Structure formats: C-alpha cells, structure tokens
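User: I am new to this structure and would like to go through it with you. Could we look at it together?

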Amino acid sequence: MTNTQRIAELNDQYRKTLGVPGVPFVFTSGISALPVEDRAAILEKVKTFNDFNEGNDSYGEHDFGSFEHEGNVINWKIDYYNPQMNAHSEDPSDPSKTVRTLVVMLADEY
C-alpha cells in the first residue's frame with residue numbers, strides 16, 4: 001500500500017467516525033446558522049461521501065469533498081496536524097504523528 005492509499009484509508013475511517021466524542025470537527029458559522037436538522041443531514045452526507053474524482057481529489061487522499069444540500073453547496077476539508085496541533089503533520093500516513101481535523105463549510109466561506 002502506498003502512503004497516498006494509506007492516507008486515503010485513514011481519512012475515510014476518520015470521516016466515518018464523526019459524531020463520536022473526541023473526534024474533532026468544526027462547522028463554520030454559515031453551517032452553524034442552519035437548522036439542526038440540516039446540520040445533521042450535512043454531517044451524514046460528509047460521513048458517507050464517496051464521490052471522489054480528479055476534480056475534488058487530485059492527490060488521491062480523500063481529504064476534500066463537495067455536495068449540494070437544500071440549495072447550498074457544502075465543502076468539507078481534512079487537515080493534518082502534529083500531535084501538539086502547532087504545525088502540520090510530518091507524515092499524515094502515520095496516525096501516531098497526525099491529528100486529523102475536519103472543517104465543514106458553505107462553499108462561499110471557502
């Protein structure tokens with residue numbers, strides 16, 4: 001398995017666990033302003049997203065996605081930090097060296 005494939009696998013596992021206590025993710029102010037039912041539906045779409053292609057996954061890491069919800073374009077993005085969360089991870093394929101975070105936003109907030 002290549003590093004890129006391992007990163008994609010880890011990113012998919014991470015996304016699918018959103019909503020579990022201790023898993024860091026952030027809704028931007030635009031998403032936070034939506035009704036709770038919409039936020040729940042958006043989170044479920046992020047967790048089950050599988051429409052990766054050259055346009056949204058050019059590095060093959062499954063670290064970005066975009067979809068429509070109730071007339072809004074929603075983007076999500078995974079970033080990789082070191083365990084101290086003060087710099088980027090030196091190796092996103094190594095879970096011991098990486099804390100993943102996910103931001104869910106309206107496309108116009110990107």
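User: Is F25 buried, partly exposed or exposed, and what decides that? Which value does it have?
Analyst: F25 has 28% relative accessibility, so it counts as partly exposed. Buried means under 20% relative accessible area, exposed means over 50%, and partly exposed lies in between, with a 1.4 Å probe and protein chains only. This is a predicted model, in which local features need pLDDT of at least 70 and side-chain atom pairs count only at pLDDT 80 or more, while totals for chains, interfaces and linings use all residues. Residues are numbered from 1 along each chain as its sequence is written, and side-chain values use heavy atoms, leaving out hydrogens and water.

User: How many aromatic pairs are there?
Analyst: The structure holds six aromatic pairs. Rings of Phe, Tyr and Trp (its six-membered ring) pair if their centres lie within 6.5 Å; planes under 30 degrees apart count as stacked, over 60 as edge-to-face and the rest as tilted. One of the pairs is F25 with F27: the ring centres are 5.4 Å apart and the planes stand at 75 degrees, so this pair is edge-to-face.

User: What about F49 and W76?
Analyst: F49 and W76 form an edge-to-face pair as well, at 5.6 Å centre to centre with 80 degrees between the planes. That pair links distant parts of the chain, since F49 lies in the loop between helix 3 and strand 2 and W76 in strand 3, 27 residues apart. Helices (H or I, at least four residues) and strands (E, at least two) are DSSP runs, numbered from the N terminus. Both F49 and W76 are buried.

User: Which residues do ring pairs link into a cluster?
Analyst: The cluster consists of F49, F52, F67 and W76.

User: Changing topic, in what order do the strands of the sheet come?
Analyst: Four strands make an open sheet in the order 1-4-3-2, with mixed pairing; two strands pair if DSSP finds at least two bridges between them. Strand 1 (25–27) and strand 2 (64–69) are at the edges with a single partner strand each, so one side of each has no neighbour in the sheet.

User: How many bridges join strand 3 to strand 4?
Analyst: Eight bridges join strand 3 (residues 72–81) to strand 4 (residues 99–106), and the two run antiparallel. N75, for instance, has M105 in strand 4 as its bridge partner.

User: And V73, where is its place?
Analyst: V73 is in strand 3. With 37% relative accessibility, V73 counts as partly exposed.
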